[in-house]
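The following questions and answers work through one model, moving from overall confidence to individual residues. Please look at the sequence and coordinates first.

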Amino acid sequence: MIAFIGSIITFVLSAILVGAVTGFLGRLLIPGRQDIGWRATILAGIAAALAGTVAAHLLDFADDAWIVLLVQFGLAIICVGVVSRYQNGNQSEAEFNDGRTEVLPLPNTDPRKR
C-alpha cells in the first residue's frame, strides 16, 4: 500500500515537473508574445505531457522516450497556443492590435458604386 502511494506521488511530481518544462519550452517555441501566466503555462504543459504519454501508449511507441518527448513538446506548443489565443480573444480589437484600429470596408459595399 505504501509503495502504491509512493508511486502516485512520484507520478504527480514528475507530471508537474515534465509539464512545467514542456509548457515553458512550448511557450518559447511560439513566435510572438503570449500573455498567459506561469500557472497557465504549467497547466498547459501538464495537459500536453499527459496527452503525449497517452498517445504514445495508444500508438505503441511508448518505449522510445525521444519520440514521446517530441510528441509532448508538439502538444505543449499547441496547448500553450490555444490557451494564449483564448485569453487574447477576450481583449478588444484595439488592445489586441497594440492600439491600432483599422476599419476595412466589406466587399461590394461601397455606396458610391451604386
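The pLDDT is the predictor's confidence in each residue, on a scale from 0 to 100. It matters here since this is a predicted model.

Q: In which helix of the protein is confidence highest?
A: Over the protein, the mean pLDDT is 76, and 76% of the residues reach 70 or more. Confidence is lowest in helix α4 (residues 93–96), at a mean of 46, and over residues 92–96, for which the model has seven contacts beyond four places in sequence, pLDDT stays under 50. The highest mean, 84, belongs to α2.

Q: What pattern does the protein follow along the sequence?
A: The protein contains four helices and zero strands. Read along the sequence, this gives the pattern α-α-α-α.

Q: What share of the contacts in the protein with a separation of 6 or more comes from residues 24 or more positions apart?
A: Of the 114 residues of the protein, 24% count as buried, and the protein exposes about 8700 Å², with carbon and sulfur atoms supplying 67% of that area. Among contacts with a separation of 6 or more, the share from residues 24 or more positions apart is 58%.

Q: How far apart are the end C-alpha atoms of helix α1?
A: Helix α1 covers residues 2–29, which is 28 residues, and at 1.5 Å a residue it should therefore span 40 Å. The model agrees with this expectation, as the end C-alpha atoms of α1 are 40 Å apart.

Q: How far apart are the end C-alpha atoms of α2?
A: The helix α2 runs over residues 38–58, and its 21 residues, at 1.5 Å a residue, should span 30 Å. The modelled distance agrees, with the end C-alpha atoms of α2 lying 30 Å apart.

Q: Is T41 buried or exposed, and with which side chain does the side chain of T41 make a polar contact?
A: T41 lies in helix α2 and has a relative accessible area of 0%, so T41 is buried. Leaving out residues up to four places away in sequence, T41 touches G19, G23, F24, R27 and I36, and of these G19, G23 and R27 are among the buried residues of α1. At 2.9 Å, the polar contact of the T41 side chain is with the side chain of R27.

Q: Which residues make up the largest nonpolar core?
A: The buried residues of α2 include A40 and A44, both of which belong to this core. I30, another member of the core, is in contact with I77, V80 and G81 once its neighbours within four places in sequence are left aside. The five residues of the core are I30, I36, A40, A44 and V80.

Q: Is S84 buried or exposed, and which residues does S84 touch beyond four places in sequence?
A: S84 lies in helix α3, and the cut-off for a buried residue is under 20% relative accessible area. At 7% relative accessibility, S84 therefore counts as buried. Beyond four places in sequence, S84 touches Q34, D35 and I36.

How values were computed:
Residues numbered from 1 in each chain as written. Predicted model: local features only at pLDDT ≥ 70, side-chain atom pairs only at ≥ 80, totals over all residues. Heavy atoms only, no water. Core = buried A, V, L, I, M, F, W, Y, C linked by side-chain atoms within 4.5 Å. Buried < 20%, exposed > 50% of the residue type's maximum accessible area, 1.4 Å probe, protein only. Contact = heavy atoms within 4.5 Å. Helix = DSSP H or I, 4+ residues; strand = E, 2+ residues; numbered from the N terminus. Expected span 1.5 Å × (residues − 1). Polar contact = N/O pair within 3.5 Å; in protein donor to acceptor, adjacent residues only side chain to side chain. Areas by Shrake-Rupley, 256 points an atom, 1.4 Å probe, with all protein chains shown as cover.
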